[in-house]
Amino acid sequence: MNGKALREKREEKEGRRSKKKRRSVMYGAIVVSVLIVGMSIFFVYSSEQAKMRGQAFGKALEFVQVDLTKLTHTFDSKVSMFQQGGIDKDGFLEFAEKHEDEMKKIILRYNNLQIPEPFIPSVELFKLSAEAQLESDKYMAEWVRTGDDTAYIRSDSLLQQSFEYEMAALAKFKLVQGQTNP
């Protein structure tokens with residue numbers, strides 16, 4: 001074979017390698033592109049799922065808080081009625097027993113929440129607030145039952161403690177909420 005034929009054969013061989021190399025690069029680029037698109041879709045989907053879970057948690061917590069507020073307002077109303085003579089002692093104490101059972105059920109609902117990690121401290125404070133409220137209500141019922149003013153004072157003290165827990169919980173909740181929703 002002469003030099004020209006060898007050169008042509010070499011160029012032809014390099015051309016085939018070059019085409020194979022280009023195909024490999026093209027397939028590699030396609031694979032990388034598919035991976036990038038796939039990962040982007042996964043992260044967007046995960047982000048949306050986290051957002052939906054966060055919204056579901058927020059709604060569930062709101063329902064617990066609303067139910068708790070309604071129950072405590074009803075109790076406060078009954079206390080006022082008792083103090084004004086609109087309900088007798090036995091009627092109030094019967095109501096107080098049912099109220100205590102309802103409060104315990106609401107407090108248990110905090111345990112069933114799917115709480116995102118950053119919100120755990122605030123939910124624990126909301127629960128402590130509800131527990132202090134329940135204790136306050138128990139002492140109020142004791143005051144009605146016995147007439148012991150120390151029970152009334154203890155009830156008032158626990159009510160204040162409940163309020164402080166609630167304010168701390170709200171502050172922590174809003175702080176975390178602000179960090180997660182810039």
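Q: How many residues does α3 have, and how far does α3 reach from its first C-alpha to its last?
A: α3 has 27 residues and reaches 39 Å between those two atoms, close to the 39 Å expected at 1.5 Å a residue. The expected span is 1.5 Å times one less than the number of residues. By the way, this is a predicted model: local features need pLDDT of at least 70, side-chain atom pairs count only at pLDDT 80 or more, and totals for chains, interfaces and linings use all residues. Numbering starts from 1 along each chain as its sequence is written, and side-chain values use heavy atoms, with hydrogens and water left out.

Q: What comes after α3?
A: Gly147 follows α3, and its phi is positive, near 80 degrees.

Q: OK, what about the chain's elements: how many helices and strands?
A: Four helices and zero strands, running α-α-α-α from the N terminus on. Helices (H or I, at least four residues) and strands (E, at least two) are DSSP runs, numbered from the N terminus.

Q: Back to α3. At what angle do α2 and α3 pack?
A: About 165 degrees, with the axes of α2 and α3 10 Å apart. That makes α2 roughly antiparallel to α3; the cut-offs are under 35 degrees for roughly parallel, over 145 for roughly antiparallel, 65 to 115 for roughly perpendicular, and oblique for the rest. Axes are lines fitted to C-alpha atoms, for helices over the stretch in contact, and angles run from 0 to 180 degrees between N-to-C directions.

Q: Which residues make that contact?
A: Among them are Phe92, Met103 and Ile107 of α2, and Phe126, Leu134 and Val144 of α3. Contact here means heavy atoms within 4.5 Å.

Q: And α2 itself, how many residues?
A: α2 has 23 residues and reaches 34 Å from first C-alpha to last, close to the 33 Å expected.

Q: Which residues of α2 are buried?
A: Phe92, Leu93, Phe95, Ala96, His99, Met103, Ile106, Ile107 and Tyr110. Buried is under 20% relative accessible area, exposed over 50%, partly exposed in between (1.4 Å probe, protein chains only).

Q: Switching to Ser122: buried or exposed?
A: Buried, with a relative accessible area of 1%. Ser122 is found in α3, which covers residues 120–146.

Q: What is Ser122 in contact with?
A: Ala169, Lys172 and Phe173, leaving aside neighbours within four places in sequence.

Q: What share of the chain is buried?
A: Buried residues make up 24% of the 182 residues.
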